[in-house]
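Subject: Structure handover

Hello,

Here is the structure you are taking over, with the sequence. My notes on it follow below.

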Amino acid sequence: MKAAVLREVGKPLSIEDVEIRKPGPREVLIRTAAAGVCHSDLHFIEGSYPAQMPAVLGHESAGIVEAVGDDVRTVKVGDHVITCLSVFCGHCEDCLTGHMSLCRSPEVRQTETPRLSQPTGPVNQFLNLSSFAEQMLIHEHACTAIRKDMPLDRAALIGCGVTTGVGAAIHTSKVRPGETVAVIGCGGVGLAAINGAAIAGAGRIIAIDTTPAKDNISRQFGATDFINAAETDPVAAVMQMTGGGVHHSFEAIGLAKTAEQAFNMLRRGGTANVIGMIPVGQTISLMGAAFLGEKRIQGSAMGSNRFPVDMPRFVDFYMSGKLKLDEMISRRIKLEDINDAFAEMKTGQIARSVIVFDA
């Protein structure tokens, strides 16, 4: 199959032929229909997070099941599926207490023989998925079946960015009707957090970005206000607009500075959620006395998802008009255009590029 391979940090991905083996027990072979180009992949390309190389990147995808191995019970050949990097075992402490996105069981992450290879040796699978490729071989607990009338290019977005953003609002922070929300960073994940807060019934949703063009698009996803952080101090602006801060803030960029801003714009009793991937080794600094006001800051792992339940529901949200996915796709591209998509991502002008594979 054709796949986009990362061989060296800071270098473009190369389109290469990669061999994919047949499915073993509890494994599923999927024909990739579409894959979103996510900022998380860029972190690994640029070296902000370590990756074993060579590796086929990509982790936000949807496709059709082509074959299944022994003992697979959750999907069957012909099913339309969304993949998820939150592969889970189902019986560890995290899974049994409802925190499936925190599962790190090696039994669903390690295989006796490599799933991907070339004549020169094994090729590493990225986040148990590797969706920048024409096919994926994954554990059955890394995908879930969805209704077949759902367009797969839009379904792919639910595989990471949408689940992360919407889940942060409804699961991690538990936004309630009427509460105030601020979202820092209006890329794909930030827009999904805005959408999730709107679905949850937030009374006021303040979108914050340094790109003026994000004003209009953030309102399409449910924002009621927009702050251009390139022109004004977002913390001071939020405090003035809300009369003391928001109930929930979401950092969707991955910077120490914006994580600190997310905390500092809270009202007493508010919760800041760091969704973005702050580079390894960086720290944040917070005023200790602020915790006396019961302010909280917390992380969110893939939107605290229970994806086999959440993703089919998100599909229903889209089909009924509640979840905005059409507006999130800036352009549809071929696999060969992937490096251009990452270059465009760095400009901050687009929401999401989606790779669409030929049937």
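In this predicted model, the largest nonpolar core has 71 residues. Ile158 and Ile194 are the residues with the most contacts inside that core. Helix α3 supplies its largest share, 10 residues. Apart from this core lies another one, of 20 residues, with Ala4, Leu42, Ala55 and Ile355 among them.

Beyond its neighbours up to four places away in sequence, Ile158 touches Ile82, Met150, Thr163, Met311, Phe314, Val315, Leu323 and Leu325. Met311, Phe314 and Val315 are also among the buried residues of helix α8.

Helix α8

Helix α8 runs over residues 307–319, 13 residues in total. From first C-alpha to last it reaches 18 Å, close to the 18 Å expected at 1.5 Å a residue. Its buried residues are Phe307, Asp310, Met311, Phe314, Val315 and Tyr318. They are on the same side of α8, because they cover an arc of only 140° around the axis. What covers these buried residues includes β7 (80–83), β11 (143–146) and α3 (152–172). After the helix comes Gly321, which has a positive phi, near 95°.

Ser304 sits in the loop between β17 (296–299) and α8. With a relative accessible area of 24%, Ser304 is partly exposed. Although Ser304 and Ser101 are 203 residues apart in sequence, their C-alpha atoms are 5.7 Å apart in space. Ser101 is in contact with Ser304, as are His171 and Thr172, leaving out residues up to four places away in sequence.

Helices α1 and α9

The axes of helix α1 (residues 39–46) and helix α9 (residues 338–347) come within 11 Å and cross at roughly 100°. The two helices are therefore roughly perpendicular. On the α1 side the residues that meet α9 are His39, Asp41, Leu42, Ile45 and Glu46. Their counterparts in α9 are Phe342, Met345 and Lys346. Leu42 also belongs to the core of 20 residues.

Strand β3

Ile20 belongs to strand β3 (residues 19–20). Its relative accessibility is 21%, so Ile20 counts as partly exposed; the cut-off for buried is under 20%. Outside four places in sequence, Ile20 is in contact with Met1, Leu29, Arg115, Leu116, Gln135, Met136 and Leu137. By contrast, Ile20 and Gly299 are 279 residues apart in sequence and 35 Å apart in space, C-alpha to C-alpha.

Backbone points to check against your own tools

Most residues other than glycine have a negative phi, and most peptide bonds are trans. The following entries depart from that pattern.

- The peptide bond from Met53 to Pro54 is cis, with omega near 0°. Pro54 is in the loop between α1 and β5 (55–56).
- Arg26 is not a glycine, yet its phi is positive, about 65°. Arg26 lies in the loop between β3 and β4 (27–37).
- Ser130 is not a glycine either, and has a positive phi of about 60°. Ser130 lies in the loop between β9 (121–125) and β10 (135–139). At 2% relative accessibility, Ser130 counts as buried.

Regards

Definitions and conventions. Residues are numbered from 1 along each chain as its sequence is written. This is a predicted model: local features need pLDDT of at least 70, side-chain atom pairs count only at pLDDT 80 or more; totals for chains, interfaces and linings use all residues. Side-chain values use heavy atoms; hydrogens and water are left out. Helices (H or I, at least four residues) and strands (E, at least two) are DSSP runs, numbered from the N terminus. The expected span of a helix is 1.5 Å times one less than its number of residues. Buried means under 20% relative accessible area, exposed over 50%, partly exposed in between (1.4 Å probe, protein chains only). The arc is that of the directions from the helix axis to the C-beta atoms. Contact means heavy atoms within 4.5 Å. A nonpolar core is a set of buried Ala, Val, Leu, Ile, Met, Phe, Trp, Tyr and Cys residues joined through side-chain atoms within 4.5 Å. Axes are lines fitted to C-alpha atoms, for helices over the stretch in contact, and angles run from 0 to 180 degrees between N-to-C directions. Angles under 35 degrees count as roughly parallel, over 145 as roughly antiparallel, 65 to 115 as roughly perpendicular and the rest as oblique.
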